[in-house]
Structures are given as C-alpha cells and as structure tokens.
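Welcome, and please open your viewer before reading on.

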Amino acid sequence: MKLADNKATLSFSNGKPAIELPVYSGNIGPDVIDIRKLYGQTGMFTYDPGFLSTASCQSAITYIDGDKGELLYRGYPIEQLAENCDFLETCYLLLKGSLPNATEKKSFTDLVTHHTMVNEQMQFFLRGFRRDAHPMAILTGLIGALSAFYHDSTDINNPEHREISAIRLIAKLPTLVAMAYKYGIGQPYMYPQNNLSYAGNFLRMMFATPCEEYKVNPVIEKALDRIFILHADHEQNASTSTVRLCGSSGTNPFAAIAAGVACLWGPAHGGANEAALNMLYDIQNQGGVAKIGEFIKQVKDKNSSVKLMGFGHRVYKNYDPRAKLMQQTCNEVLTELGLEKDPLFALAKELEKIALEDEYFVSRKLYPNVDFYSGIVQRAIGIPVNLFTGIFALARTVGWIAQLNEMIGDPEYKIGRPRQLFTGSPRRDVPPIAKR
Ligand code: ACO
C-alpha cells in the first residue's frame, strides 16, 4: 500500500482541534483512511458494525468490484480461471501468487494427492456423532480435531508448519466431507484413490461402494471442479474474517479453519445454497411457478422475515460473476444427466426472471449470487442438500489458508481486537438478594 497524494481532515463541531489522517491507495479499488492513531489523538473510536466501510487488512489475494460484478484471484478474472484452469492450479495460484507451470503443477498435484488419507483414528472419532448429525457439525469437529493428529505442524509462526498444514487441509477436506456423508448413510468409507483428479477422487469417495467399479463421469467431474474454483476465495467475507481473527491469536491453522467452517454454516453466508434449494422445494410443493407471485409478495413484505435466498450480496451490486458461470454449469450437468426439463431448474429460472424485473429487487440492486444455482447442480450430481455447505467449506479451505498465511506473514499484523460503544448500565452496586 502506498500513501495517497491527499490526506483526510477530521473536524469537530465542538471546537476540538481538527486532525489529519493519512490516506493509502491500493492497486485498484477504493483508497482507505488510516485511523489507527485516531484513538490516541482524539480519545474516540470509529463505529462500523458489520464493517460496512472498514478495510480490516491489506491483501493481495482476491479483488472484487461489486458494481461491475468482477472477481479476480491474484489479478486473473474468475471467468478465465474457470475456463482454463483446474482447482489445484487455482489453489496454487491463491497460495503462492502465480499460476504454476507444468512442472510446478505436477509436483503440487502430487503433493496434495499424497496427503489425502486421514489418520485411521479419525473414523472412531466420527463414530461419536449421531448418524443424523448435520455434516457441518461433524466437519467443525473433525477439522478442529486434526490439530490433535498433527503436532508437527501446529506452530502458526513457523512457515514450514504453515505450508504443510495448508497441504494437509486442502488434501484431507474431500476425504473428511465424504466420510461425513458415508457415515450419515451407513455406508463404508471409501479410501482416496490417487490416480484420480481432486474432483474425481472426491466423487468416488462420495458415491462408490466397495462392491463395484466406479467410473467418474467427466462432465460431473468438471462441474464439481468448477464449483470448487468458484468458491475458492472471496476476499474478506464473514468466514475469512473469522479465520483471520481466530488465527490472529496465534492459534493453530486447523483450529482457525474450524472456526471458518462454523461461520460459513450460517444461512446468510455458506448456508445460503442449502436455504435456496429448500426455498425452491417449498415453492414447488405449494404449486410451483404459479405460486411465484405470492412468494415474491411475502419477500417484499417488511413484516415477514422471508428472503429470496440466493439473491443479494453485501459486495455485489450487480450480477455475481460466479452465478453466471454456475448457471452455465447447471445447464451442462442437467443436459448430461437428461434432466433438461428439471422442474426445480425451470422454477429457479422463472423466479430469477421475475425478480430481476421487479422494482423491489432492481432498486436494491439485488441479483442472484453463486448460491442460487449451485444447489441445483449439486442436487443433480446426487449431493444431499445438507452437505452443500460442506462442499463450500471444502472449496473455501484454500482461500482461508491463503488469507491466514498472508496475515501471519504481514509485519503489521496484530491480534484482532475491535472496540465498542458501550450502551449498558454505568457502574452500580450489587443490592442484597432480598432487595432485587
Ligand atoms: N431477499 C429480499 N430482500 C433482500 C434480500 C433478499 N435475498 N437481500 C437483501 N434484501 C433487502 C433487505 O431487506 C434490505 O431492504 P431495505 O433496504 O428495504 O431494508 C436491502 O435489500 C439491503 O439488504 P441488507 O440486508 O442491508 O444487505 P446486506 O449487505 O446486509 O446483506 C445478504 C447481504 C446477507 C447476502 C442478504 O442479501 C441476504 O440475506 N441474502 C439472502 C441470503 C444469501 O443468498 N446469502 C448468500 C450470500 S453469498 C455467499 O455467502 C456465497
């Protein structure tokens, strides 16, 4: 970051002297006003719940232009990466800053591939869960538990520890997600098979059984790989900020990623694809396309808490570029599986069309986000609805690690410690219980 030519001046109407604040520029995007000395100079904090106007860090990984609907990983547009690269190349890019050449790609792929197994003890830990446990509850537990298995890589301040734990997390997440699924349905776990691609191996661990051969369908494999690429990183969103905040205390990478998984679970974040599909099911059960009007009415009603799930985004005030790619993938997968006339897809398209023309959505710049179509693709592949957020967590793990490692390597990093505007009772004395 570099100092901008101008400075910001903060003046007060009560006669307090004005102060000057430095302004910094990034390479693209809005400048920032440096308020780090504000408290020391004025005794005041800034107030920004929800971080609406606050840059919490500097980062060189992912850039979003929400007005244009643009998403760049290390400068490369998401459309080009989705078209020309696979997920592991994207992981390499996010972690290391540049795309791998053929040799680098091969050695990185080999490295990840040879860390896909989890400690055999993991399955006994899994057994402690009820069979109907939500996969996100299982994943939060299993990923946190990895720190108990890898004492050799839990020092976040050691670059070698950070590197090997990054590889372990990227490699083992598909195994753990598939194990959570198999446990829920009572099937034997499938061990990873290292001659398959990252997505192909995951499909096999999910859908194969030991009783017969499993052949990976290349269209589904590509679609899943694309889902992973599209979800790999998204700058300082809630779960990434959670990982950074958690990691800022110096905790180990597995614990920090488990915190990210817990945050992602919420329906306003990663849980939205599950919520979006459940919403489509509800509308379909109530009468399908004919009921869209009534549903939209409820969404617009201030007194109802109904939202059009898969619509709206804190940063995108235009079409989410990932949603366009996901819609294309959705078409490809449904065609491959002979589901072109899938009623849920037809319902989603109609709902989108109506919402995009409606004044309520237009004036609030509410467009479909990536979750609007990703649930339909995943359902068509055979992934159960309650595992959708687990797939998102699998894909986002690389982004979380890249951001965590960037933070630890930043000489300006400090433990995250927001302040508050206190609105509770001033000091008072505890009355005896008879007088309360
Ligand atoms: N349906 C109906 N109205 C909406 C929606 C929606 N999906 N999203 C926003 N609005 C309305 C709000 O009610 C508000 O209206 P008002 O100005 O009349 O009060 C206005 O649009 C602004 O919305 P905010 O909630 O202030 O926007 P914010 O940036 O805080 O929220 C969020 C963004 C959480 C994503 C929101 O749009 C939402 O809940 N969407 C549905 C859930 C979803 O799809 N989440 C996925 C996010 S993407 C991801 O995590 C991969």
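A residue is near a molecule if one of its heavy atoms lies within 4 Å of it. Keep in mind as you look around that this is a predicted model.

**Stop one: the ligand.** How many residues surround the ligand? There are 20, and the closest are K302, L308, G310, R314 and R364. Now look at the polar atoms. R364 has a polar side-chain atom 2.9 Å from an oxygen atom of the ligand. K307 also points to an oxygen atom of the ligand, with a polar side-chain atom 3.1 Å from it. At F311, it is a backbone N or O atom that lies 2.9 Å from a nitrogen atom of the ligand.

**Stop two: a pair of helices.** Next, select residues 87-96, which form helix α3, and residues 388-409, which form helix α18. Their axes come within 9 Å and cross at roughly 15°. Because angles under 35 degrees count as roughly parallel, α3 is roughly parallel to α18. The crossing is right-handed. Show the side chains here: F87, C91, L94 and L95 from α3 meet A395, V398, I401 and A402 from α18. The residues of this contact are 8 nonpolar, with no polar and no charged ones.

**Stop three: Y63.** Finally, select Y63, which sits in strand β4 (residues 62-65). Which residues does Y63 touch, leaving aside those up to four places away in sequence? They are I28, G29, E70, L71 and L72. With G29, the side chain of Y63 reaches the backbone nitrogen at 3.4 Å.

Notes
Residues numbered from 1 in each chain as written. Predicted model: local features only at pLDDT ≥ 70, side-chain atom pairs only at ≥ 80, totals over all residues. Heavy atoms only, no water. Axes fitted to C-alpha atoms, helices over the stretch in contact; angles between N-to-C directions. Helix = DSSP H or I, 4+ residues; strand = E, 2+ residues; numbered from the N terminus. Parallel < 35°, antiparallel > 145°, perpendicular 65-115°, else oblique. Left-handed = near helix turned anticlockwise from the far one by under 90°. Contact = heavy atoms within 4.5 Å. Nonpolar A, V, L, I, M, F, W, Y, C, P; charged D, E, K, R; others polar. Polar contact = N/O pair within 3.5 Å; in protein donor to acceptor, adjacent residues only side chain to side chain.
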